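Trainee: I have a new model open and would like to learn how to read it. Can we go through it feature by feature?

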Amino acid sequence: MSALNATTPATTTPVLRLDGVRKSFGQNTVLDGITLDVHKHEVLALIGASGSGKSTLLRVINLLEQVDDGQIWLNEHDISDPRTPVDAVRSRIGVVFQHYNLFPHLSVLDNVTLASRTVHKQSRAVAEKRGLELLDQIGLADKARDFPDRLSGGQQQRTAIVRAIATEPELLLLDEVTSALDPELVGEVLDLVRQLKQTGTTIVMATHEMSFARDVADRVAFLHHGRVLEIGEPAAVFENPQEERTREFLARIP
Ligand code: ADP
Ligand code: MG
């Protein structure tokens, strides 16, 4: 691992720091120089039109895509260094996507405990005690031995979220976790994210739920064509956007 970056402030090291991150797919520049920090206990919401680069940004942070240029720091480690052990980094980051999060052939409890047991080498007893506590917190302890297909979409997505935090990751990435849900199931998933924020989880979330972003995020970043055009507290971005593109985007949201 590299030594400390000279630009890292001596006082508080951000949990996540992106510096000039670029990513293209062929001729298509998808991330066009992204620089941002996320601090401990902070919730950063990524907003922007479809195709603006939100998912790719989350994917480069989790090393599902390699950056073409720039650096990504997870706490003090430059994880964009090609020598970085990918599995070790992924074990420090929780991720939940829009779809297909649970393993269908494993029980709900085995889903929640799998990473603790395999990656983090916890005993089954320890992992299951914690797994059952987490399931209890989301009201699903009685479903622990069921397969995921017995759960509603909202219950599945909440299970995926507690699975992602079961290993106490340094950072949680959420990519449109409510977009595939029926409208009546969105609230229970957002409530869980709100709870995680209250317990201090550091979160970067791409979302179309503007009222949720406004309520829960500490800061909101507006992406446009792979650039952060505007970033700030929700009240500033939503009520007093500085950029014409932000105003146009927000005006199109019902
Ligand atoms: P968002 O999540 O904001 O909708 P994405 O990050 O999914 O945006 O996509 C940004 C752009 O990158 C789009 O033009 C998309 O087609 C392109 N893209 C994303 N992933 C790939 C890929 N694996 N190969 C080629 N193009 C991709
Ligand atoms: Mg996306």
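Trainee: At what angle do the axes of helix 5 and helix 6 cross?

Mentor: Keep in mind that this is a predicted model. The two axes cross at roughly 20°. They come within 8 Å. Angles under 35 degrees count as roughly parallel. Helix 5 and helix 6 are therefore roughly parallel to each other. Their crossing is right-handed.

Trainee: Which residues of helix 5 and helix 6 meet?

Mentor: Helix 5 brings Gly153, Gly154, Gln157, Arg158, Ile161 and Ile165. From helix 6 come Leu185, Glu188, Val189, Leu192 and Leu196. By class, this contact has six nonpolar, three polar and two charged residues.

Trainee: How do helix 3 and helix 4 pack?

Mentor: Helix 3 covers residues 108-118, and helix 4 covers residues 124-137. Their angle is about 130°, and their axes are 9 Å apart. These two helices are therefore oblique to each other. Helix 3 passes helix 4 in a right-handed crossing. The contact holds seven nonpolar, three polar and four charged residues. Among them are Val108 and Leu109 in helix 3, and Leu134 and Leu135 in helix 4.

Trainee: Now the sheet. What holds strands together in general?

Mentor: Strands of a sheet pair through backbone hydrogen bonds, either parallel or antiparallel.

Trainee: Which way do strand 3 and strand 8 run, parallel or antiparallel?

Mentor: They run parallel, and four bridges join them. For one example, take leucine 46: its bridge partner in strand 8 is alanine 206.

Trainee: Last, the ligand. What surrounds ligand 1?

Mentor: Read the shell by element, then by class. Strand 2 and helix 1 are the elements that give two or more residues to the shell. Helix 1 gives the most, with three residues. The shell includes Phe25, Asn28, Val30, Lys54, Ser55 and Thr56. By class, the shell has two nonpolar, eight polar and one charged residues.

Key: Residues numbered from 1 in each chain as written. Chains lettered and ligands numbered in written order. Predicted model: local features only at pLDDT ≥ 70, side-chain atom pairs only at ≥ 80, totals over all residues. Near = placed C-beta within 6 Å. Nonpolar A, V, L, I, M, F, W, Y, C, P; charged D, E, K, R; others polar. Axes fitted to C-alpha atoms, helices over the stretch in contact; angles between N-to-C directions. Parallel < 35°, antiparallel > 145°, perpendicular 65-115°, else oblique. Left-handed = near helix turned anticlockwise from the far one by under 90°. Contact = placed C-beta atoms within 7 Å. Pairing = 2+ DSSP bridges.
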